[in-house]
Amino acid sequence: MPMTQTCTQNPNDVIRYLYGETSGEENDQMEELLAKDSGLLAWYLDCLDIQLGLNQIEVTPSAHVVNRILDFSRSYVAE
Amino acid sequence: MEKIQVSDCELVSAYIKGDENAFSVLVERYKSKVFTTIVLVVKDTYVAEDLMQDTFIKAIKTLRNGRYNEEGKFLPWILRIAHNLAIDYFRRDKRYPNVVLEDGSNVFNTLSFSEDSMESIQVKKESHEHLRMLIKRLPEQQREVLIMRHYEDMSFQEIAEATGVSINTALGRMRYALINLRKMMSKTVYAYDTNLYTEPQ
């Protein structure tokens, strides 16, 4: 997807950039845009902050359910 | 000396040949990632544990019956199974129960953080409990894209195909999810803004 200069497209491009879905050429373009546009830079930093927060969320299942899965595997006979 | 980690592909092959230990390693490696994805969709740890069990049982049957496509990667594959089961449940029973564990404690008591002091763990628990609550409040389509992109590591193109929308719509949903999270994060827990943005249809 080519990076465009419209207001609507740039925030979406920032998200693609954030998640590593932009090409090397697009990365260069985005870094230039971020250097010039303080609003876009603020949006990128906000997204980065949220992304870091999302990375910290991890919920662990109980040992009980893990044991049930392993027990099922041990007793399962292929059809 | 750094321990060499056996690849998922090797573990899957060993399990298909009957090595139960290989499967235990896979479960241990991905149990939290799979469980987190399910919890974020269904919002109920009891249901999430049942669905997690169903996910792995489906995987066991597929692997043991020789139906696993070895060209795919194990984690995206099992996350896709988990996601589909969770979405099926969520759409069938749209419920919003409190997220509690068997001992009555909050689900965030089990959040795990790496190499932090007890003080910083407490602070992080509180801030991530807050963020977790905010994710629950997102409109369904935005929450779905957020979970698929962030926790299931699907590309926006894959999300677009899986949800039957254009890539720009998928990106727009993600953008509004992030805007809404930021908007809600700027409010205190006592003054939530209930007016969430939705993307233009």
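In this predicted model, the domain assignment of chain B gives domain 1, covering residues 8-101, and domain 2, covering residues 117-187. Where these two domains touch, eight residues come from domain 1 of chain B and seven residues from domain 2 of chain B.

**Domain 1 against domain 2 in chain B**
- On the side of domain 1 of chain B that touches domain 2 of chain B, the elements giving two or more residues are helix 2 (20-42) and helix 4 (74-92) of chain B, and the largest share, four residues, comes from helix 2 of chain B.
- That side of domain 1 of chain B is made up of four nonpolar residues, three polar residues and one charged residue.

**Helix 6 and helix 8 of chain B**
- Helix 6 (residues 140-151) and helix 8 (residues 167-185) of chain B pack with their axes 8 Å apart and at an angle of about 100°, which means that helix 6 of chain B is roughly perpendicular to helix 8 of chain B, since angles of 65 to 115 degrees count as such.
- Among the residues that meet are B:Val145, B:Leu146 and B:Arg149 in helix 6 of chain B, and B:Met174, B:Tyr176 and B:Ala177 in helix 8 of chain B.
- The contact of these two helices of chain B has six nonpolar, three polar and three charged residues.

**Chain A against chain B**
- Chain A brings 30 residues to the contact and chain B brings 40 residues.
- Helix 1 (9-18), helix 3 (38-55) and helix 4 (63-75) of chain A each supply at least two residues of the side that touches chain B, and helix 4 of chain A gives the most, with eight residues.
- Sorted by class, this side of chain A has 17 nonpolar, six polar and seven charged residues.

Terms used: Residues numbered from 1 in each chain as written. Chains lettered and ligands numbered in written order. Predicted model: local features only at pLDDT ≥ 70, side-chain atom pairs only at ≥ 80, totals over all residues. Nonpolar A, V, L, I, M, F, W, Y, C, P; charged D, E, K, R; others polar. Domains from an automatic or database assignment. Axes fitted to C-alpha atoms, helices over the stretch in contact; angles between N-to-C directions. Parallel < 35°, antiparallel > 145°, perpendicular 65-115°, else oblique.
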